[in-house]
Amino acid sequence: MEIKGKKISIIGAVRSGIGAARLSKKLGAVPFVSDSGSEEKLKTSIALFESEGIDFELGGHSERVYECDLIITSPGVPTDSVVLKNAAARKIKIISEVEFASWFCKGGIIAITGTNGKTTTTALMNHTLNECGIKSYSAGNIGNAFSDIVLDVKEDQFVALETSSFQLDFTEKFKPFFSIILNITPDHMDRYENKLEKYIASKIKITAYQDESNFFLFNADDINTSRTMQNRRVQKLSFSLTKEVPAGAFVRNGKMFFAWFGALEEVCPVTDLFIKGEHNVANALAVLAVAKTLNLPNLKIRGAFQSFHGVEHRIEFVRELNGVEYYNDSKATNVDSVVVALKSFEKPIYLILGGKDKGNDYSQIESLISRHVKKIYAIGVSAEKVKSFFESIVETEIKNSLEECVESAMLQALPGSVVLLSPACASFDMFTDYEHRGRVFKKAVNNL
């Protein structure tokens with residue numbers, strides 16, 4: 001779509017919306033940003049819009065939203081929101097910020113999605129490419145909005161793009177060079193009417209518009225991913241922790257291999273990977289498959305794996321105080337992520353759980369909680385649900401803030417234990433995003 005001179009309405013005034021507004025203005029369009037949030041919550045956005053001469057409205061969506069040629073929606077806006085339903089009824093074209101930015105990307109897009117592991121894999125992908133001498137940017141759900149960096153990307157460069165199901169919902173021609181699905185387990189069921197098939201369909205859109213010139217990489221160990229792979233024109237690769245694959249990456253006898261239809265190459269031992277845990281080996285296999293498809297040298301891949309120390313907010317060590325270790329796992333916005341976190345510790349855990357529940361089934365972690373957790377501090381709008389489910393299993397107490405949780409844990413946790421923020425919920429009830437939640441937790445811990 002030629003956007004110069006077009007009126008573009010942007011729904012949502014945080015990171016994605018800001019990026020889309022700035023990009024559309026740079027390209028000669030007329031952006032208008034609309035958000036239902038309050039001025040108090042959006043002070044930073046207001047200052048930016050005013051400094052750059054971008055029109056906006058807050059506290060609701062007026063009729064002006066529909067006076068446009070195109071609507072760009074942010075991932076936090078539900079697909080069934082009134083503003084998007086009204087726009088659809090008026091036959092206004094609606095796309096996501098990721099779709100919009102992709103129209104102007106000259107480099108190769110490596111789009112990464114999955115229920116868990118997206119952030120770590122995106123960061124490791126970006127790190128590995130740069131360490132191997134290929135200029136890469138990271139964007140999407142990680143750090144920068146895609147729109148903020150897309151004009152910087154040259155033809156021989158790449159973008160490692162963390163892509164959520166929400167961002168994929170409103171794609172229509174999104175065509176990455178590589179698309180990757182790490183795994184699919186139930187998540188965001190509140191947004192997808194408690195129907196796993198709808199969530200899967202959203203994830204699969206990452207490869208829907210690819211063709212024979214593109215690559216699709218999927219987790220061969222994940223049934224929800226594997227069963228959707230038939231009848232796709234794209235070149236297919238896979239990765240596996242449990243079996244050898246014909247094209248892609250796998251583990252054999254503690255070593256990572258790359259296979260390409262009969263050719264087999266040993267790349268590095270699993271122990272080269274600095275970040276620990278089976279889930280991170282799977283993430284690294286995805287990165288390895290892409291790196292080897294791009295013919296990157298084994299020695300540099302090994303060096304990248306050794307020098308990558310993980311990402312903020314994902315089982316991130318904050319500090320030790322009086323023999324108690326504090327970990328920030330704010331990125332754990334679903335139950336499966338909490339499973340990974342709980343399995344990462346042998347020590348007793350004081351767990352902070354709760355937020356904006358997405359239809360969680362806490363029975364998935366019931367046995368792990370019983371074995372590993374000494375106490376739960378329940379927070380957010382799901383606090384009552386958390387308390388009612390777990391109070392018969394482990395001591396559970398409702399707290400009003402992360403600061404209260406941290407202060408109580410300091411008084412109650414014994415030396416040799418862990419205080420873990422791994423909330424299993426979205427953050428939007430109390431915070432701007434999971435990063436904001438993680439920063440508040442770390443500040444509270446460091447203030448002890």
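Phe 177 is partly exposed, at 27% relative accessibility. Here buried stands for a relative accessible area under 20%, exposed for over 50%, and partly exposed for values in between, with a 1.4 Å probe and protein chains only. Phe 178, by contrast, is buried, at 1%. The model is predicted, so local features require pLDDT of at least 70 and side-chain atom pairs pLDDT 80 or more, while totals for chains, interfaces and linings use all residues. Numbering starts from 1 along each chain as its sequence is written, and side-chain values use heavy atoms, with hydrogens and water left out.

The structure contains 17 aromatic pairs. The rings of Phe 177 and Phe 178 form an edge-to-face pair, because their centres are 5.2 Å apart and their planes stand at 85 degrees. Pairing applies to rings of Phe, Tyr and Trp (its six-membered ring) with centres within 6.5 Å; planes under 30 degrees apart are stacked, over 60 edge-to-face, and the rest tilted. Phe 177 and Phe 178 also belong to a cluster, joined through ring pairs with Phe 158 and Phe 215.

Tyr 362 and Phe 389 make a tilted pair, with 6.1 Å between centres and 55 degrees between planes. This pair connects distant parts of the chain: Tyr 362 sits in the loop between β17 (349-353) and α13 (366-372), and Phe 389 in helix α14 (residues 383-390), 27 residues apart. Helices (H or I, at least four residues) and strands (E, at least two) are DSSP runs, numbered from the N terminus. Tyr 362 is buried at 2% relative accessibility. Phe 389 is partly exposed at 28%.

Asp 357 lies in the loop between β17 and α13. Asp 357 is buried, with a relative accessible area of 17%. Its side chain makes a polar contact with the side chain of Tyr 362 at 3.2 Å. The side chain of Asp 357 also reaches the backbone nitrogen of Asn 360, at 2.9 Å. A polar contact is a pair of N or O atoms within 3.5 Å; within protein, one must be able to donate a hydrogen and the other to accept it, and residues adjacent in sequence count only if both atoms are side-chain atoms.

Two arginines sit over aromatic faces. Arg 64 covers the face of Phe 32, at 4.0 Å from the ring centre. The criterion places NZ of Lys or CZ of Arg within 6 Å of the ring centre and within 35 degrees of the ring normal.

Most residues other than glycine have a negative phi. Asn 295 has a positive phi of about 65 degrees. Asn 295 is located in the loop between α10 (278-293) and α11 (298-307), and is exposed at 66% relative accessible area. His 313 also has a positive phi, near 75 degrees. This histidine lies in the loop between α11 and β15 (316-321) and is buried at 2%.

Nine strands build an open sheet of mixed pairing, in the order β7-β8-β6-β9-β10-β11-β12-β13-β14. Strands β7 (136-140) and β14 (263-269) are the edges, each pairing on one side only. The twist averages 20 degrees from one strand to the next. Two strands pair if DSSP finds at least two bridges between them. Strand β9 (residues 178-181) runs parallel to β10 (residues 215-219), with four bridges between them. Ser 179 is opposite Phe 216 of β10. Helix α10 packs on the sheet, touching β6 (108-113), β9, β10, β11 (235-240), β12 (247-252), β13 (255-260) and β14. The directions of α10 and β13 make about 40 degrees. Contact means heavy atoms within 4.5 Å. Axes are lines fitted to C-alpha atoms, for helices over the stretch in contact, with angles from 0 to 180 degrees between N-to-C directions.

Strands β17 and β18 run parallel and are joined by five bridges. Tyr 350 has Lys 375 in β18 as its bridge partner. Strand β18 (residues 373-378) is mostly covered, with five of its six residues buried.

In helix α8 (residues 196-204), the buried residues are Tyr 199, Ile 200, Ser 202, Lys 203 and Ile 204. Their cover includes β6, α5 (118-131), α7 (165-169), β9 and α9 (223-226).
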